[in-house]
Each structure stands twice: as structure tokens, then as C-alpha cells.
Amino acid sequence: MDAKAPKALLKAQKLANLLDTAVKLPLIPIRIGLDSIIGLIPGAGDALMLFVSLRIVWLGKSLGMPKALVAQMVKNSAIDFGLGFVPFIGDIVDVFYKANQKNVRIMERWWISENKANVDGATQAKLAQWESENP
């Protein structure tokens, strides 16, 4: 019974964290990532970040996610890309619209739903092991 997340999902999680939440801003409880920073470069920054964001979508597709969920992920990335073309306001909104995190959450929910029996079984096994070690 294997309940470990696949490498593609783990890679997507790391990439989304790097792009959306890698840096904590001082004095305010907001985290930003490379997407917000590189996205400040007009045009080219947003295009580069779209390319990287689509890597997360590709990782989801490689897991065998349904086309409807992959399309939703592409839509999230496109919205993020489009926001970057609105001067100043788009950059501020981009800090809060974390498309990569949204896409990884879609991947996680799908993977858990597809592997619920294995995850539940592994959880029960770990719980039983813990209970036997801690009477």
C-alpha cells in the first residue's frame, strides 16, 4: 500500500512555493515569490513566469489528471498572466492571486481523491503502530 505523493506532485509543490510564497515581506504578514518579483519586469517577466507556471500544469497532466482540471489550471495561469499586463494594479493583485498555489491545490485534491483508500490505509497503519508503541 503506497500512500506517498508522486514525484510530479512534490515537484509542483516546491515550484509553486518558490513562485508564490518563497519570501516573507518584513513587517507585514504577506509572502511573495519569484512570480511577483520577476513579474515586475514589463512583458518579459510575465511571459517567463507563465512559462514556468505551465510547468506545474504539465506536471499535473503527466499524473493523468482529467482534462477539465488541467483546463482549470491553464485558466488560473492565464488569469495570472493577464493580470500582469495591468500596470501597477496588476502587480499588486498578483501578490494575492497565487495561481501556482491554486493549481497545486487542484492537483492535491485530485490525487487524494484518486488515492483515498491507500492514504486512509496508510494512516490507519501508522495510527495502529503509534498506539502499540505508546500504550
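## Around D20

D20 touches R31, I32, G33, D35, K98, A99, N100 and Q101, leaving out residues up to four places away in sequence; contact here means heavy atoms within 4.5 Å. This is a predicted model, in which local features need pLDDT of at least 70 and side-chain atom pairs count only at pLDDT 80 or more, while totals for chains, interfaces and linings use all residues. Residues are numbered from 1 along each chain as its sequence is written, and side-chain values use heavy atoms, with hydrogens and water left out.

D20 lies in helix α1. Helices (H or I, at least four residues) and strands (E, at least two) are DSSP runs numbered from the N terminus. With a relative accessible area of 3%, D20 is buried. The terms for accessibility are buried for under 20% relative accessible area, exposed for over 50% and partly exposed in between, with a 1.4 Å probe and protein chains only. D20 and D94 are 74 residues apart along the chain, and their C-alpha atoms are separated by 9.3 Å.

## The largest nonpolar core

In soluble globular proteins, nonpolar side chains tend to be buried together. A nonpolar core is here a set of buried Ala, Val, Leu, Ile, Met, Phe, Trp, Tyr and Cys residues joined through side-chain atoms within 4.5 Å. The largest such core has 20 residues, of which A12, L19, I56, M65, M73 and M107 touch the most other members. Two or more residues come from each of α1 (7-20), α3 (44-62), α4 (67-83) and α6 (99-114). Helix α1 gives the largest share, six residues.

Apart from residues up to four places away in sequence, L19 touches G33, L34, D35, S36, M49, V52, S53, I56 and N100.

S53 is placed in helix α3 and is buried, at 2% relative accessible area. Leaving aside neighbours within four places in sequence, S53 is in contact with L19, S77, N100 and N103. S53 and F81 are 28 residues apart in sequence, and 9.3 Å apart in space from C-alpha to C-alpha.

Q72 belongs to helix α4 and is partly exposed, with a relative accessible area of 37%. Beyond residues up to four places away in sequence, Q72 touches N103 and I106. Q72 and A44 are also 28 residues apart in sequence, but their C-alpha atoms are 24 Å apart in space.

## The aromatic pair

Searching the whole structure gives one aromatic pair. The ring centres of F81 and F85 are 4.9 Å apart and the ring planes are at 90 degrees, so the pair is edge-to-face. The rule takes rings of Phe, Tyr and Trp (its six-membered ring) with centres within 6.5 Å; planes under 30 degrees apart count as stacked, over 60 as edge-to-face and the rest as tilted. F81 is partly exposed at 24% relative accessible area, and F85 is partly exposed at 48%.

## Salt bridges

Side chains of opposite charge can pair when their charged atoms come close. A salt bridge is defined as a side-chain nitrogen of Lys or Arg within 4 Å of a carboxyl oxygen of Asp or Glu. By this rule the structure has two salt bridges.

One joins the side chains of E108 and R105, at 3.0 Å from N to O. These residues are three apart in helix α6, so about one helical turn separates E108 and R105. E108 is partly exposed at 21% relative accessibility, as is R105 at 35%. The side chains of K116 and D120 also form a salt bridge, at 2.7 Å from N to O. K116 and D120 are four residues apart in helix α7 (residues 116-133), so they too are separated by about one helical turn. K116 is partly exposed at 47%, and D120 is partly exposed at 35%.

## Surface patch and loop

V86, F88, I89, I92, V93 and F96 form a nonpolar surface patch with about 590 Å² of accessible area together. Patches are made of residues with over 30% relative accessible area and no salt bridge; like charges are joined within 9 Å, and nonpolar side chains (Val, Leu, Ile, Met, Phe, Trp, Tyr) within 5 Å. Accessible areas come from the Shrake-Rupley method with a 1.4 Å probe, and for residues only the protein chains shown count as cover. I92 sits in helix α5 (residues 89-96) and is partly exposed, at 40% relative accessible area.

L27 lies in the loop between β1 (23-24) and β2 (31-32). L27 is exposed, with a relative accessible area of 88%. The phi angle of L27 is near 75 degrees, a positive value in a residue other than glycine.
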